[in-house]
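Good morning. Please have a look at the structure on the screen while I talk.

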Amino acid sequence: MFSIEFLLNALVAGILLGGFYAAMSAGLSLSFGLLDVVNIAHPAFIIFGSYLTYYVNEHFGFDPILAGLVFAVPSYFLGVAVYKIYYNSFEKTGAESLRGLVFFFGLFFLIEVILIITYGVDYRLVRAFYIGKSTSIGSVGIAYRLFVPFLVGGILAAVLYLFLTKTFFGRAIMGVAQDSLAVQLMGVDPIRIKTVAFGIGIATAVIAGSLLIIIGPVEPTIGREYIGRVFAVTVLGGLGSMTGTLVGGLILGVAESFTSSFFGPSWALAVSFGILLICLAVRPSGLFGR
Amino acid sequence: MRSSTTRTWKGPTLAHSIVVDNVSAGYGAVRVLHGVSIQVNDGETVVLLGTNGNGKSTLIKCIMGIIQPDEGEIYLEADGERINLAGKNPEEIVNLGVALVPEGRRLFPRLTVEENLLLGAYREEARRGIDRNIAFAFEAFPVLAERKNQLAGSMSGGEQQMLAVARALMSAPKVLLVDEPSVGLAPILVSRVIAKIRELKEEYQLTVLMAEQNFNQAVKIADRGYIIVHGEIAFAGEDTEALAGHELVKKYYLGA
């Protein structure tokens, strides 16, 4: 059972899964890590993206990745609208800490209930030419349904990294939660920065949703399983660091893969919370946190 | 629209001045300023003197749009055009070419020195001159070049003040407001920062308004100044000798 082959397969599966975890967490790293907006509904937006992808795949035969990228655009505007409501109702009056959290919690269940009413509780899946196929390097099998999300996740994290560190707008996003008045003194409207950044976060959630339904079937409440994961990756990587999100995703992916290979899949969920707790105790700023 | 930001030499049309006319302002029910009028003419360095709690910072904040005055007018005169600053927010005022080195520096502690400087050049007009300005900032403050990849929050107070001045200048301003640059700095560092501000003022041909409670340092750079007491202008000194000779300065600063 503990052959090298077995270990290698678990490692590769974990790395592939990790790229997807990075894609799921990138948007949260933006909103929670850089804007101080505790968007606990982030996984619900991911599931929402899965169902959008499912709808156009089922009815029009759209490729799931393409669907995710196309839906990212209207989702950006959805995110902008959500942030505007959040800002005007909570942040503006300084009531964001607890009531804002309740707002996003409510949003989480609202999205879940809408999906249940619309589609029921059955699992849904998508079809694409790369789903169900795999290749192998030596004795290590690589399933395309894992490899494609890994690739897209890596690209997403890289694009966000470049956007944040190399553009004026990205640097303003990094600065806005540190000192909002100082951002104004640079000639920038902080509310606009936060609105756009939150919109981008929701757009990436919907892209991650298209990846999720490529990996496996999805039902409306599956987002609950991912709350711990996305927060673990975000905190482990270091709030707001895209490099950290990618590395954090890979670590969680590998850890989960080994845990489920050796102790069974039911333990996998405990890994994310375990990592989160250890990280908060040992290094609260995360691996790449500033 | 003027296309060039190259400041080869100041022409008569590039005049920038600040006019504060009879301004009253405060926080909530507390009034801090009572009918303050000052003027900072093009190319001048004017110092606003006063001990803590007399309204220096409040006046600077009013000009910058951080606080809206209850009464009175504030104008920026730019190229013969008179722009009313009342009702404008700080980002709009920055985009008119006014920069502030705020009290307490307000750097982005978890951004690097270089990222702080680049963020300073956010506004459209500043981006064109960004390479030249960053080279100049590093030349003026070599320590910033040495530490450009260090997080701003991990630097010493003096270095942070230099970064705050350099970052404000990255926005390619015409008017520079400086709020208490000496606070929290050792005397030797205060001298150095003040000397740098004077040097940069010459280089960039700035109009400068500086709030300061350290009289001896302030007069090194000032052309003239105002003494503000309990939210009112108590004395307007036409030159530094007039200021040094005034009884308030003698009483509060020179120990006479």
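Predicted model: local features only at pLDDT ≥ 70, side-chain atom pairs only at ≥ 80, totals over all residues.

Let me start with the helices. Two packed helices are described by the angle between their axes and the distance between the axes. At what angle do helix 1 and helix 10 of chain A pack? Helix 1, residues 4-34 of chain A, and helix 10, residues 242-263 of chain A, pack at about 140 degrees, and their axes are 6 Å apart. That makes helix 1 of chain A oblique to helix 10 of chain A. In their contact there are 18 nonpolar residues, 10 polar ones and one charged one. As for handedness, helix 1 of chain A passes helix 10 of chain A in a right-handed crossing.

Helix 10 of chain A also packs with helix 9 of chain A, residues 224-237. Here the angle is about 125 degrees and the axes are 7 Å apart. Helix 9 of chain A and helix 10 of chain A are therefore oblique to each other. The crossing of helix 9 of chain A with helix 10 of chain A is right-handed. Which residues of helix 9 of chain A make the contact? They are R229(A), V233(A), L236(A) and G237(A). On the side of helix 10 of chain A, the residues include G244(A), G248(A), G249(A) and E256(A). By class, this contact of helix 9 with helix 10 of chain A has four nonpolar, five polar and two charged residues.

Now to chain B. Strands of a sheet pair through backbone hydrogen bonds, either parallel or antiparallel. In chain B, six strands form an open sheet with mixed pairing, in the order 6-7-8-3-9-10. Strand 6 (98-101) and strand 10 (232-237) of chain B are the edge strands, and each pairs on one side only. On average, neighbouring strands of this sheet are turned by 20 degrees against each other, direction ignored.

Inside the sheet, strand 7 (residues 175-179) and strand 8 (residues 207-212) of chain B run parallel and are joined by five bridges. V178(B) stands opposite M210(B) of strand 8 of chain B. Helix 7 of chain B, residues 157-169, lies across strand 6 and strand 7 of chain B, at about 170 degrees to strand 6.

Last, the loop between strand 6 and helix 3 (113-120) of chain B, where T112(B) sits. Is T112(B) buried or exposed? Its relative accessibility is 11%, so T112(B) counts as buried, the cut-off being under 20%. Leaving aside neighbours within four places in sequence, T112(B) is in contact with residues including R290(A), K148(B) and L151(B).

Technical notes. Residues numbered from 1 in each chain as written. Chains lettered and ligands numbered in written order. Heavy atoms only, no water. Axes fitted to C-alpha atoms, helices over the stretch in contact; angles between N-to-C directions. Helix = DSSP H or I, 4+ residues; strand = E, 2+ residues; numbered from the N terminus. Parallel < 35°, antiparallel > 145°, perpendicular 65-115°, else oblique. Left-handed = near helix turned anticlockwise from the far one by under 90°. Nonpolar A, V, L, I, M, F, W, Y, C, P; charged D, E, K, R; others polar. Pairing = 2+ DSSP bridges. Contact = heavy atoms within 4.5 Å. Buried < 20%, exposed > 50% of the residue type's maximum accessible area, 1.4 Å probe, protein only.
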